[in-house]
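Welcome, and take a moment to look around before reading on. The paragraphs below walk through the structure one region at a time.

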Amino acid sequence: MSTICGSDLHIWRGDVDIAALGLPLPAIIGHEMTGRVAALGEGVSTDSAGQPLAVGDRVVYHFFKPCGRCPVCLRGEEAACSMNQLFIFPIDAFPHFTGAYAEYYYLPPGQTVVKVPDDLSDELVAPLNCALSEVIYGFDKIGSVFGETVVIQGAGGLGIYATAVSREMGADRIIVVDGVAERLELAKAFGADELIDMREHRTPEERVQRVMELTGYRGADAVAELVGLPQAIPEGLDMLGSGGRYLEIGNVSPGMTTTIDPSSIVRGSKTIYGVVYYGRDTLKKSLDFLSRTKDRYPFERLLSRTYPLEEINRAFEDQEEKLVARAAIIP
Ligand SMILES: [Zn+2]
Ligand SMILES: [Zn+2]
């Protein structure tokens, strides 16, 4: 089972020109997936967490691979490796199956792969190697939010995960900003303390003001941008208090810009963290997080509608039209 990610939609729409990024076409895209092991390479008997791995087991995996030898990797920052390979190859070249929207997927030697426990459904884990893992790694990256006030910009899939993750990490107060009633309601169910409805607080100034009111005019300790629009950034930075940390995950499309006042970062001693991939230990943490919290949050409300692979175009259209939150494809 594979799911459609916001970044797949960007590619589908043409916001991200993958040919211009040097990736060969035609290619199979899709990077969020779970599946059963069809065959194991020679000598492979365990997953990356050291658990026994056999044909038929369900797995999740890294859809990117750090080079392991550049200065960034040597510094231990593999998630920031600029050579991180996305496994997109021409479909006519070995190993052929390098995208999730297909019957098979080839996982290269040495790649991080973790067995899925039986208590987690395919629907729950299919998007785990992207959205949830990036959120968990991102919150690891900005440091402890224990006892802090966290603002989540955007209550789409990433924002909902971020709400539950910051709750589980011990945030004192979580404020979620969105303009869609069902999403705000979902955020509440996933642990939000306060909601800022964009239909009520219509301008960035009004929303910043609302955060200030809710924080006794100190501002938030941490803000996570999970909207994916550049204009959310100046607004989010203004929601931060002095010394605050800004987690930037949402904006993935090159060439989209916004204007910020850099003095607000300097004078407010604010830090911005950009996160696109995650660490080698994150997948296991994500699986453990779901096993531990699946009865605490209504994850079933995030479950996707499923489509056969033949109807993948309809799945993309439905997700684009927001008829489904996250479409799932079954080959
Ligand atoms: Zn994704
Ligand atoms: Zn590297």
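Are Cys-70 and Cys-73 buried or exposed? Cys-70 is buried, and Cys-73 is buried too; buried here stands for under 20% relative accessible area, exposed for over 50%, and partly exposed for anything in between, using a 1.4 Å probe and protein chains only.

Before going further, a word on what you are looking at. This is a predicted model, in which local features need pLDDT of at least 70 and side-chain atom pairs count only at pLDDT 80 or more, while totals for chains, interfaces and linings use all residues. Residues are numbered from 1 along each chain as its sequence is written, chains are lettered from A and ligands numbered from 1 in the order in which they are written, and side-chain values use heavy atoms, with hydrogens and water left out.

Now back to those two cysteines. Together with Cys-67 and Cys-81, Cys-70 and Cys-73 coordinate the zinc ion (ligand 2) through their SG atoms, at 2.3 to 2.4 Å. Donors are N, O and S atoms within 2.8 Å of the metal (3.2 Å for Na, K and Ca), and since water is not among the atoms, sites may look incomplete. Along the chain, the donors of this zinc ion (ligand 2) show the spacing C-x2-C-x2-C-x7-C. The angles among the 4 donor atoms are 104 to 115°, and the site of the zinc ion (ligand 2) is tetrahedral. Four donors count as tetrahedral if all angles lie between 85 and 135 degrees; four count as square planar and six as octahedral if opposite donors are over 155 degrees apart and all others between 65 and 115, and anything else is irregular.

There is also the zinc ion (ligand 1). Its protein donors are Cys-5 (SG), His-31 (NE2), Glu-32 (OE) and Cys-130 (SG), lying 2.0 to 2.5 Å from it. The 4 donor atoms around the zinc ion (ligand 1) subtend angles of 88 to 123°, so this arrangement is tetrahedral. The spacing of its donors along the chain reads C-x25-H-E-x97-C. Distant parts of the chain are linked here: Cys-5 sits in the loop between strand 1 (2–3) and helix 1 (6–13), and Glu-32, 27 residues apart from it, belongs to strand 2 (residues 32–33). Both Cys-5 and Glu-32 are buried.

Let us step back to the whole protein. It has 11 helices and 15 strands, which are DSSP runs numbered from the N terminus (helices are H or I with at least four residues, strands are E with at least two). The radius of gyration is 20 Å, close to the 20 Å that the globule rule gives for 331 residues, so the protein is as compact as a globular protein of that length. That radius is taken over C-alpha atoms, and the globule rule is 2.2 Å times the number of residues to the power 0.38. Along its principal axes, the C-alpha trace spans about 60 × 40 × 40 Å. Of the 331 residues, 49% are buried.

Next, find the open sheet of 6 strands, ordered 10-9-8-11-12-13 with parallel pairing. Two strands pair if DSSP finds at least two bridges between them. At the edges are strand 10 (194–197) and strand 13 (271–274), each pairing on one side only. Inside the sheet, strand 8 (residues 149–153) runs parallel to strand 11 (residues 220–225), joined by 4 bridges. Here Val-151 stands opposite Val-223, and Gln-153 has Glu-225 as its bridge partner. Strand 11 is also joined to strand 12 (residues 240–248) by 5 bridges, again in parallel, with Ala-222 opposite Arg-245. Since 5 of the 6 residues of strand 11 are buried, so strand 11 is largely enclosed by the rest of the structure.

Another open sheet has 4 strands in the order 2-1-15-14, with mixed pairing. Its edge strands are strand 2 and strand 14 (306–308). Strand 14 and strand 15 (residues 328–330) run parallel, joined by 3 bridges, and Tyr-307 stands opposite Ile-329.

Finally, visit some loops. The peptide bond from Phe-94 to Pro-95 is cis, with omega near 5°, and Pro-95 lies in the loop between strand 6 (85–86) and strand 7 (113–115). Tyr-217, in the loop between helix 7 (204–214) and strand 11, has a positive phi of about 65° although it is not a glycine. Tyr-217 is exposed, with a relative accessible area of 53%.
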